[in-house]
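Please read it with the sequence and the structure in view.

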Amino acid sequence: MGSEKKIILVTGGSGLVGQAIKQAKQQDPRENETFIFLSSKDGDLKDPAATQRIFERYKPTHVIHLAAMVGGLFNNMKHNLDFLRNNILINDNVLQSSYKLGVKKVVSCLSTCVFPDKTTYPIDETMIHNGPPHSSNFGYSYAKRLIDVQNHAYHQQHGCHFTAVIPTNVFGAYDNFNLEDGHVIPGLIHKAYIAKKEGKPLVVYGSGKPLRQFIYSIDLAKLFLFVLREYEEIDPIILSVDESSEVSIGQVAQIIADAFQLEHGIVLDSTKADGQYKKTASNKKLRGYQPDFQFMPLKDAIERTVQWFNLNYNIARK
Ligand code: NAP
Ligand code: GFB
């Protein structure tokens, strides 16, 4: 690895995680690294020819593959087929172009929702193919699981060094704050912003009981750079906060309500789905590599994200 010149292509570089990697690499620069952050304006990665053109234009030596059709519980439940087909197309084109261009390393991005719904806890990397994922997001989950299969197939047949990370739920600046399609933290932050203006309670979908581990986008970005620079395995690695940091949706909603100093409390809309009850993930493998990694406390990270949303309401995805 040493100081060879690296041209690092970041697909999906304009999204939540991509923007965080842009910030993290500025905080921890390396002279031999040149980053290129793509958005869909550079070309539709569902199109093999457009993908090939992008790779021939930039001739990357390394790829961080983030581009995907991404969304929260309710978006997944409505569009399982689109999540399956779009992500299979994007992933196949990026990995095949990486192989054809002789890319030295690809780090793709899965998600802890891909693991079996009926499983023992905590979940670890060995369980990825052990059974069906949760019904709410089977399309996205099978497309993401296939990346692990593709990585092993490219390695076995061509000796490629394609690997993957498996983050838990991510949040931060530049997230998708759309009330229907986004994830829970940006969704609740947007709803709290409106509730504050209208002097109304914050409406939380479901029972508020499901449990989640949330990783701040900047922390995830720092760990992505570690994986790009130092992680040698083909097998994936979970990137998650510790199990002890798992919280309920109700607790997250309270942190957000407090950050906005809401005066009319929180109400639950039990007509909405809870989705998967929990997907508690072990970060034992990560801790083996990064025993002292400090994650930002959830409350501080949410307050920073609320601040970003208040300052950037006009440009935020809504
Ligand atoms: P995001 O904010 O929605 O960004 C998605 C990115 O992909 C954007 O840059 C988008 O470009 C690009 N993109 C989408 N479709 C494309 C296409 N057909 N061709 C080219 N580019 C396309 O997503 P994110 O939350 O940063 O997610 C990044 C990665 O992390 C994804 O692989 C996701 O599955 C994974 N992940 C996310 C979470 C989470 O909680 N957010 C959790 C676990 C794993 P435009 O900006 O031009 O639309
Ligand atoms: O973040 P979220 O949409 O995704 O929802 P998942 C998490 C939980 O928050 C569910 C509750 O139990 C929702 O019922 N919730 C409460 C809300 N209020 C809201 C709200 O206003 N908006 C949303 N979105 N949820 C996704 C997978 O599952 O996790 C994706 O479907 C992806 O494929 C993502 O993997 C990381 O954590 O349930």
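In this predicted model, a polar side-chain atom of Lys144 lies 2.8 Å from an oxygen atom of ligand 1. Backbone atoms also take part in such pairs: an N or O atom of the Val170 backbone is 2.9 Å from a ligand oxygen, and one of the Gly12 backbone is 3.4 Å from a ligand oxygen.

| Residue | Atom of the residue | Distance to an oxygen atom of ligand 1 |
|---|---|---|
| Lys144 | polar side-chain atom | 2.8 Å |
| Val170 | backbone N or O | 2.9 Å |
| Gly12 | backbone N or O | 3.4 Å |

On its own, ligand 1 has 910 Å² of accessible area, and the protein covers 87% of this area. The shell around the ligand consists of 28 residues, of which Ser14, Ser40, Leu66, Tyr140 and Arg317 are the closest. Sorted by class, the shell contains 13 nonpolar, 11 polar and 4 charged residues. At least two shell residues come from each of α1 (16–27), α5 (138–158) and β6 (169–171).

The chain as a whole is divided into domain 1 (6–171 + 214–242) and domain 2 (184–211 + 244–280 + 297–312). The C-alpha centres of the two domains are 27 Å apart. Their contact involves 17 residues from domain 1 and 22 residues from domain 2. Together the domains bury about 1600 Å² between them, with 68% of it on carbon and sulfur atoms. On the domain 1 side, Tyr121, Phe171 and Phe214 supply 37% of the area buried against domain 2, more than any other three residues.

How values were computed: Residues numbered from 1 in each chain as written. Chains lettered and ligands numbered in written order. Predicted model: local features only at pLDDT ≥ 70, side-chain atom pairs only at ≥ 80, totals over all residues. Heavy atoms only, no water. Near = heavy atom within 4 Å. Polar contact = N/O pair within 3.5 Å; in protein donor to acceptor, adjacent residues only side chain to side chain. Areas by Shrake-Rupley, 256 points an atom, 1.4 Å probe, with all protein chains shown as cover. Helix = DSSP H or I, 4+ residues; strand = E, 2+ residues; numbered from the N terminus. Nonpolar A, V, L, I, M, F, W, Y, C, P; charged D, E, K, R; others polar. Domains from an automatic or database assignment. Contact = heavy atoms within 4.5 Å. Buried area = accessible area lost by both parts, 1.4 Å probe.
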